Amino acid sequence: MRGYVLLAPAKINLYLEILGDRPDGYHEMAMVLQSVALADRVEVRANGAERFQVSCNHPQVPSDPSNLAYRAAMLLAQAFPEPFYQFGGAHITIDKQIPVGAGLAGGSANAAAVLVGLDLMWNLGLTQSELQDLGAQLGSDIPFCVSGGTAIATGRGEQLAPLPDLDHLHVLLAKYRSLSVSTPWAYQTYRQQFGDSYIREGDRLQQRRSAIHAGPMMGAIASRDGRAMGSLLRNDLEKVVLPAPDYAKVAALKQALLEQDSLGVMMSGSGPTVFALADSADQAMHLKQAIQQQLADPDLDLWVTRFCASGIQLSESL
Ligand code: C5P
């Protein structure tokens with residue numbers, strides 16, 4: 001087999017609560033993650049060599065070994081040296097549709113696609129959870145990107161519990177092209193400002209982790225109630241990103257979206273993408289036009305997309 005083309009969907013956070021610190025330096029999280037149809041196209045093509053190459057049509061995406069997709073390939077080659085030498089490496093071509101540095105897990109989605117593509121190319125027959133365990137070694141969002149859909153994520157974000165599909169909802173994504181947020185900066189700043197409110201007792205941490213499984217957001221999701229979900233959106237990282245002088249435009253964007261008719265508005269992940277939920281494609285298109293007219297900023301990119309029920313999807317065999 002010469003290779004595969006995979007679709008790697010973006011994710012948004014419907015809920016992001018920071019519970020406390022972890023001994024590994026990360027944060028203990030309670031999140032609800034959702035895949036959306038906006039996706040990168042990742043081609044993993046056998047190159048007949050004992051190495052990997054990465055190319056991408058986006059100037060901000062590195063082609064060197066710092067690329068998460070490259071690191072995913074190297075991780076798999078180290079874990080499975082025999083198939084690597086037998087079948088060889090790959091040329092990984094990323095057609096970027098997901099904005100970069102946006103809080104939409106675009107890099108993680110690319111890495112997840114490489115794991116799935118090489119698993120197929122090398123006939124490894126790994127299970128989804130084996131792929132997710134490998135992905136977790138490289139980034140907290142990669143396990144979710146493999147399986148996608150709607151899920152509760154706890155731990156670092158890698159402990160997943162799937163939820164019923166919500167593919168009836170639509171979403172407007174809004175991001176200033178010139179802005180990006182460093183995820184480590186967002187979490188470090190949060191720790192500096194709110195670290196004294198972190199939960200430190202194991203029992204209480206466990207209680208809060210369990211609470212997300214039984215809380216009102218789960219009720220809204222179970223009953224597919226978009227309006228209730230919209231009113232329950234939460235993202236603790238907004239508390240550090242939106243007040244930062246560098247991101248004043250993001251706070252104003254969120255405010256402008258809140259003044260329009262939608263089911264709810266929130267920043268995704270560490271930002272700076274802001275999303276608005278809609279219960280129809282028409283409502284999302286209307287929101288897009290209204291915000292385009294109101295803000296009239298050529299630096300503002302807008303996408304209308306919808307919730308999607310899957311993670312990495314095989315699109316083509318080469
Ligand atoms: O896991 P990932 O590489 O995506 O995380 C990027 C950064 O975000 C980490 O280096 C860490 O600073 C922060 N982070 C965290 N707690 C998490 C996930 C990420 O502090 N649960």
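Tutor: For 318 residues, a compact globule would have a radius of gyration near 20 Å, and the protein's value of 19 Å agrees with that. The radius is taken over C-alpha atoms, and the rule for a globule is 2.2 Å times the number of residues to the power 0.38. This is a predicted model, in which local features need pLDDT of at least 70 and side-chain atom pairs count only at pLDDT 80 or more, while totals for chains, interfaces and linings use all residues. Residues are numbered from 1 along each chain as its sequence is written, and side-chain values use heavy atoms, with hydrogens and water left out.

The C-alpha trace spans about 55 × 50 × 40 Å along its principal axes. Of the 318 residues, 56% are buried, that is, under 20% relative accessible area with a 1.4 Å probe and protein chains only, where exposed is over 50% and partly exposed lies in between. Contacts are heavy atoms within 4.5 Å; among those with a separation of 6 or more, 78% join residues 24 or more positions apart. The protein has 12 helices and 12 strands, which are DSSP runs numbered from the N terminus: H or I of at least four residues for helices, E of at least two for strands.

β9 covers 264–267 and β10 covers 274–278. Two strands pair if DSSP finds at least two bridges between them; β9 and β10 have four, in the antiparallel sense. Within this pairing, Gly264 stands opposite Leu277 in β10.

In a regular strand the side chains alternate between the two faces of the sheet. In β9, Gly264 and Met266 lie on one side, with Val265 and Met267 on the other. These four residues are all buried, so both faces of β9 are covered.

Ala105, in the loop between β4 (90–95) and α3 (106–121), has phi near 60 degrees and counts as buried because its relative accessibility is 12%. Arg224, in the loop between α8 (216–222) and α9 (226–231), has phi of about 50 degrees; at 40% relative accessibility, Arg224 counts as partly exposed.
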